Amino acid sequence: MKTIPQYTFYRTKYGDELLVDLVRLDYIKHYLSKPSIHTLTYYDITFITEGSGFFNIDNRKYGVCPGDVIFSAPGEIRRWDCNEIRNRYALIFEEKFLLTFFNDTEFQQKLSSFDLERKMAVIRLDDKLFDRILSSIRNIKEEIDTHKIKDHHFTCPSL
């Protein structure tokens with residue numbers, strides 16, 4: 001039986017511990033094995049910005065296109081079509097980030113988007129809201145880049 005690759009959150013990627021990261025598809029695409037079946041040890045919120053295709057979470061297949069947001073929790077089996085989905089951003093974090101940031105030990109359990117019993121792992125946003133969220137994503141990326149520069153580490157490709 002083949003083992004499913006599992007990807008782990010790298011807290012010290014930028015030097016000091018950072019509990020959240022933002023990555024682009026083109027940055028991580030070459031790290032994924034073929035086929036792109038994998039699990040994560042962390043939470044992932046993926047924002048599809050270009051292309052369309054399919055994304056599977058725990059054997060449920062979702063058609064995705066620009067404006068879609070995909071939620072996945074640690075341990076879920078994921079598979080996505082990285083050839084047709086040309087660009088996306090993934091906001092990734094561990095539970096420790098939620099506990100530290102929100103100071104609520106039950107906050108993660110209240111997020112229905114990450115509930116393993118949820119009916120849908122994908123939501124489609126209207127263009128205006130999606131654009132506002134992408135603007136916030138760019139601000140998060142700038143903060144992470146500022147953190148990297150402060151720690152004298154290289155800067156990843158800009159958004």
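This is a predicted model: local features need pLDDT of at least 70, side-chain atom pairs count only at pLDDT 80 or more; totals for chains, interfaces and linings use all residues.
Trainee: What is the pattern of helices and strands in the protein?

Mentor: There are four helices and ten strands. Along the sequence they follow the pattern β-β-α-β-β-β-β-β-β-β-α-α-β-α. Of the 159 residues, 43% count as buried.

Trainee: Which strands make up the open sheet?

Mentor: The sheet has five strands in the order S2-S9-S4-S7-S10, and their pairing is antiparallel. From one strand to the next, the twist averages 20 degrees.

Trainee: What makes S2 and S10 edge strands?

Mentor: Strand S2 (20–24) and strand S10 (122–124) each have a single partner strand, so one side of each is left without a neighbour in the sheet.

Trainee: Why is the contact between Arg-124 and Asp-68 called a salt bridge?

Mentor: The rule asks for a side-chain nitrogen of Lys or Arg within 4 Å of a carboxyl oxygen of Asp or Glu. The closest N and O atoms of Arg-124 and Asp-68 are 2.6 Å apart, so the pair qualifies.

Trainee: Are the two partners, Arg-124 and Asp-68, buried or exposed?

Mentor: Arg-124 has a relative accessible area of 55%, and exposed means over 50%, so Arg-124 is exposed. Asp-68 stands at 0%; buried means under 20%, so Asp-68 is buried.

Trainee: How many salt bridges does the rule give?

Mentor: The count comes to seven. One of them joins Asp-21 to Lys-13, with the closest N and O atoms 2.8 Å apart. Asp-21 and Lys-13 are both buried.

Trainee: What makes Glu-17 and Arg-11 a salt bridge?

Mentor: Their closest N and O atoms are 3.3 Å apart, and the limit is 4 Å, so the pair counts. Salt bridges that share partners join Arg-11, Glu-17, Glu-94 and Lys-96 into one network.

Trainee: Why is Glu-17 called partly exposed?

Mentor: Glu-17 has 41% relative accessibility. That value falls between the 20% and 50% cut-offs, so the term is partly exposed. Arg-11, with a relative accessible area of 28%, is partly exposed as well.

Trainee: Where is Thr-41 found?

Mentor: Thr-41 is found in the loop between strand S3 (37–40) and strand S4 (43–50). At 27% relative accessibility, Thr-41 counts as partly exposed.

Trainee: Which residues does Thr-41 touch?

Mentor: Leaving out residues up to four places away in sequence, Thr-41 touches Gln-6, Tyr-7, Thr-8, Phe-9 and Pro-74. Thr-41 and Tyr-7 are 34 residues apart in sequence, while their C-alpha atoms are 6.4 Å apart in space.

Trainee: What makes the approach of Thr-41 to Phe-9 a polar contact?

Mentor: The backbone nitrogen of Phe-9 lies 3.4 Å from a polar atom of the Thr-41 side chain.

Definitions and conventions: Residues are numbered from 1 along each chain as its sequence is written. Side-chain values use heavy atoms; hydrogens and water are left out. Helices (H or I, at least four residues) and strands (E, at least two) are DSSP runs, numbered from the N terminus. Buried means under 20% relative accessible area, exposed over 50%, partly exposed in between (1.4 Å probe, protein chains only). Two strands pair if DSSP finds at least two bridges between them. Axes are lines fitted to C-alpha atoms, for helices over the stretch in contact, and angles run from 0 to 180 degrees between N-to-C directions. Contact means heavy atoms within 4.5 Å. A polar contact is a pair of N or O atoms within 3.5 Å; within protein, one must be able to donate a hydrogen and the other to accept it, and residues adjacent in sequence count only if both atoms are side-chain atoms.
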